Amino acid sequence: ELEKDIVIKDMDGNVKDSSLAYAELMSFAHASNITIKDTELRNCSGMHMINCDAIANSTFSNIVFRNHIRYTGDDVAYYTGDSSNSDYEKDDIETYWTKEALHIDFLRTNGGNLTAFPLENIGSTNITVTGCEFIDCQSGIGCHYTGNDISSDGIVICENSFTNMSNNCIN
């Protein structure tokens, strides 16, 4: 088990053109006791600003999420998961590819984050999101997957603000 304090005062993904690139700013899987607070994350395209898969006992507070834009480039693998697949229409799958700025999700053995080993059917537990601002984002907080019998527990979302969202505030 790794215990480390990391202080991030400001993180700029430096993506202002939605057709150029897509990437997450931070990603956590099978992690616990994460605290991210008093910072600003901005200029991210296509993926989640913070991606959390099967995390526990974690707090996100007083974070400004700013300028989280939808990727509109032509990378086939982004839209289909397969770089050899050319049979797709970007407009048909636009809703699926609307990502949350703060993604709180589960891990599963058949899809989702296939890089977060061990792959198991497990949700996130005891997560608090409070005092955060979401400004010019696609979607704010939540997940866009459904799991057969997998759920997350103890998720508290309160006293956050949402300004100029292009989709949902909370999924």
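Phe 65 sits across from Phe 134 in strand E8. That strand covers residues 133–137, runs parallel to E5 and is joined to E5 by 4 bridges. Keep in mind that this is a predicted model.

**Around strand E5**

- E5 takes in residues 56–69, and its pairing with strand E3 (residues 35–45) is parallel, with 9 bridges.
- If you want a spot to check on that pairing, go to Thr 39, whose bridge partner in E5 is Ile 63.
- Strand E7, which spans residues 125–130, also pairs with E5, again in the parallel sense, over 5 bridges.
- Here the pair to look up is Ser 61 and its bridge partner in E7, Thr 130.
- As for E8, the link to E5 counts 4 bridges, with Phe 65 and Phe 134 standing opposite each other.

**The open sheet**

- Reading across, the order is E2-E4-E6-E9: 4 strands, paired in parallel, making an open sheet.
- The edges belong to E2 (26–29) and E9 (139–142); each has a single partner strand, so one side of each goes without a neighbour in the sheet.
- From one strand to the next, the twist averages 10 degrees.

**Zooming in on E2 and E4**

- E2 pairs with strand E4 (residues 50–53) through 4 bridges, and the sense is parallel.
- Which residue in E4 is the bridge partner of Met 26? That would be Ile 50.

Methods
Residues are numbered from 1 along each chain as its sequence is written. This is a predicted model: local features need pLDDT of at least 70, side-chain atom pairs count only at pLDDT 80 or more; totals for chains, interfaces and linings use all residues. Side-chain values use heavy atoms; hydrogens and water are left out. Two strands pair if DSSP finds at least two bridges between them. Helices (H or I, at least four residues) and strands (E, at least two) are DSSP runs, numbered from the N terminus. Axes are lines fitted to C-alpha atoms, for helices over the stretch in contact, and angles run from 0 to 180 degrees between N-to-C directions.
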